[in-house]
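Work through the following exercises with the sequence and the coordinates at hand.

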Amino acid sequence: MENMDKRSAWDRFYTESSSTTSSFKNFEWFFGFDSVRDFLMPLLRSSSHPDSPVQVLDMGCGTSALGPSIYRHSPVSVHVTCADISPVAVQLMQEKTRLEAVRPSNPSSRLQFVELDCTQLDRRYSPNSLDLIVDKGTTDALLRSKEGKGKAVLVLQQCFRALQGSGSLLQFSDEDPDARLLWLESAALHHDVGVQEVGQLRGVCYFCYQVTPRTPAKC
């Protein structure tokens with residue numbers, strides 16, 4: 001797939017994907033929620049403000065069931081925003097949840113789908129407003145596009161601005177740590193970067209890169 005940093009490419013992809021089947025099916029890049037559940041759920045429980053909903057952004061959600069699954073399975077109150085640059089993907093997910101309501105484990109949880117260019121998170125989010133940002137393949141798509149590398153750095157900067165001091169950015173990727181860690185560490189000054197192996201699927205090894213703001217004492 002070419003031009004993965006362009007809205008038009010994703011509109012075309014989701015339009016064609018939805019027209020080839022008689023009933024809607026979620027499309028999962030890499031893998032689904034069950035493969036990364038153990039990476040996500042502990043971060044929801046460790047929020048620094050337990051009396052308030054955990055603010056979660058599924059960035060570049062497409063038509064994945066990841067965000068709705070977080071909403072469904074989280075025992076703590078979460079406000080999950082599934083955001084994508086493609087209005088086609090957003091409309092498909094809005095229609096999906098309208099026809100098949102997702103019921104949360106916590107009755108105060110909320111779920112929404114919005115059209116959003118993730119290089120412009122500041123148009124929606126104030127500084128220090130998000131607890132968890134999930135990036136499943138979005139940065140990979142940008143880094144593998146001819147004109148996307150600069151946008152990938154801008155997305156990182158936008159994430160760091162929106163994250164709370166105790167928050168985390170999780171990038172799920174098939175890029176080898178030798179390359180991704182070097183890129184993240186050079187772009188994520190004043191942040192700690194870690195990596196864990198998610199596992200292999202269809203012969204491809206996937207990784208979880210976690211980026212967290214460094215405490216002032218460690219800067």
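**Exercise 1.** Determine which elements the buried residues of α7 pack against, and on which side of the helix these residues lie.

*Solution.* In this predicted model, the buried residues of α7 pack against α5 (138-143), α6 (149-162), β5 (163-173), β6 (191-201) and β7 (204-213). The residues concerned, within helix α7 (residues 177-187), are Pro177, Arg180, Leu181, Trp183 and Leu184. Because they cover an arc of only 165° around the axis, they fall on the same side of α7. An α-helix has 3.6 residues a turn, so residues three or four places apart point the same way. Turning to the other side of α7, one finds Asp178, Leu182 and Ser186 exposed. Finally, at the start of α7, the backbone nitrogen of Asp178 has a side-chain oxygen of Asp176 within 2.8 Å.

**Exercise 2.** Classify the crossing of helices α2 and α3, and list the residues that make the contact.

*Solution.* The axes of α2 (residues 33-45) and α3 (residues 66-73) come within 11 Å and cross at roughly 55°, which makes α2 oblique to α3. The crossing of α2 and α3 is right-handed. From α2, the contact is made by Phe33, Val36, Arg37, Leu40, Met41 and Leu44, and from α3 by Leu66, Ser69, Ile70 and His73.

**Exercise 3.** Is His79 buried, partly exposed or exposed?

*Solution.* His79 belongs to strand β2 (residues 78-84). Since buried means under 20% relative accessible area and exposed over 50%, His79, at 25% relative accessibility, counts as partly exposed. The C-alpha atoms of His79 and Leu111 are separated by 6.0 Å, although these residues are 32 residues apart along the chain.

Notes: Residues are numbered from 1 along each chain as its sequence is written. This is a predicted model: local features need pLDDT of at least 70, side-chain atom pairs count only at pLDDT 80 or more; totals for chains, interfaces and linings use all residues. Side-chain values use heavy atoms; hydrogens and water are left out. Buried means under 20% relative accessible area, exposed over 50%, partly exposed in between (1.4 Å probe, protein chains only). Helices (H or I, at least four residues) and strands (E, at least two) are DSSP runs, numbered from the N terminus. The arc is that of the directions from the helix axis to the C-beta atoms. Contact means heavy atoms within 4.5 Å. A polar contact is a pair of N or O atoms within 3.5 Å; within protein, one must be able to donate a hydrogen and the other to accept it, and residues adjacent in sequence count only if both atoms are side-chain atoms. Axes are lines fitted to C-alpha atoms, for helices over the stretch in contact, and angles run from 0 to 180 degrees between N-to-C directions. Angles under 35 degrees count as roughly parallel, over 145 as roughly antiparallel, 65 to 115 as roughly perpendicular and the rest as oblique. A crossing is left-handed if the near helix is turned anticlockwise from the far one by less than a right angle, and right-handed if clockwise.
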